[in-house]
Amino acid sequence: MAKSLRSKWKRKMCAEKRKKNAPKELSRLKSILRVDRDVLMKDVQQVATVVVPRHDQEKMQTVVKDEKDDMKMETDVKRNKKTLLDQQGQYPVWMNQRERKRLKAKRERRKGKSKAKAAKGLAW
């Protein structure tokens, strides 16, 4: 989709308009920051890319580390890379039933081989 001549032309014109308006937007943003010193940099980062001076980077890094510790949620699912099973023995949501069945059969074959080898050693 969006391969027609009209859409290509619209995208081209929008890109040119962005190039034309970029200096105005930047100057407007800078003037806002000069006038109002209480504006939080987080709010500005949502609108534009903010480059922090080198002497302020160290201060910002310590603040960012503290925020990450507070905001960290325990939603990280630990998965076995080989079997793709999580801690509860569940496969990922995106995996289809055929793939799950194939991996389960592969796991059971490995279990069967290890039991057979152990039984073979006790043949007396």
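Q: Is Lys 78 buried or exposed?
A: Start with the cut-offs. Buried means under 20% relative accessible area, exposed means over 50%, and partly exposed is in between (1.4 Å probe, protein chains only). Lys 78 counts as exposed because its relative accessibility is 55%. This is a predicted model: local features need pLDDT of at least 70, side-chain atom pairs count only at pLDDT 80 or more, and totals for chains, interfaces and linings use all residues. Residues are numbered from 1 along each chain as its sequence is written, and side-chain values use heavy atoms, with hydrogens and water left out.

Q: Where is Lys 78 found, and what is it in contact with?
A: Contact means heavy atoms within 4.5 Å. Lys 78 is found in the loop between H3 and H4. Set aside its neighbours within four places in sequence, and Lys 78 is in contact with Leu 85, Asp 86 and Gln 87. Lys 78 and Gln 88 are 10 residues apart in sequence, and their C-alpha atoms are 9.7 Å apart in space.

Q: How many helices and strands does the chain have?
A: Helices (H or I, at least four residues) and strands (E, at least two) are DSSP runs, numbered from the N terminus. Here the chain has four helices and zero strands. Along the sequence, the pattern reads α-α-α-α.

Q: What share of the residues in the chain is buried?
A: Buried residues make up 7% of the 124 residues. Accessible areas come from the Shrake-Rupley method with a 1.4 Å probe; for residues, only the protein chains shown count as cover. The chain exposes about 12500 Å², and carbon and sulfur atoms supply 56% of that area.

Q: Which side chains meet in a salt bridge?
A: A salt bridge is a side-chain nitrogen of Lys or Arg within 4 Å of a carboxyl oxygen of Asp or Glu. A search of the whole structure finds one. It joins the side chains of Arg 102 and Glu 99, at 2.6 Å from N to O. Arg 102 and Glu 99 are separated by about one helical turn, because they are three residues apart in helix H4. Arg 102 is partly exposed at 44% relative accessible area, and Glu 99 is partly exposed at 29%.

Q: What about Asp 86: which side chain of opposite charge is nearest?
A: Lys and Arg count as positive, Asp and Glu as negative; His and the chain ends are not counted. For Asp 86, the nearest opposite charge is on Arg 79, 4.5 Å away. Asp 86 is buried, yet has no salt bridge. Its place is the loop between H3 and H4. Beyond neighbours within four places in sequence, Asp 86 is in contact with Val 77, Lys 78 and Arg 79.

Q: Which residues form the positive surface patch?
A: Patches are made of residues with over 30% relative accessible area and no salt bridge: like charges are joined within 9 Å, nonpolar side chains (Val, Leu, Ile, Met, Phe, Trp, Tyr) within 5 Å. The place of a charge is taken as NZ of Lys, CZ of Arg, CG of Asp or CD of Glu. Here Lys 82, Lys 106, Arg 109, Arg 110 and Lys 113 form the patch. Lys 113 lies in helix H4, residues 97–121, and is exposed at 57% relative accessible area. Lys 106 is also in helix H4, and is partly exposed at 36%.

Q: What does Thr 83 touch?
A: Not counting residues up to four places away in sequence, Thr 83 touches Tyr 91, Leu 103 and Arg 107. Thr 83 sits in the loop between H3 and H4. At 16% relative accessibility, it counts as buried.

Q: Which value is phi of Leu 84 near?
A: Phi of Leu 84 is near 65°, a positive value in a residue other than glycine. Leu 84 is found in the loop between helix H3 (54–71) and H4. Its relative accessible area is 25%, so Leu 84 is partly exposed.
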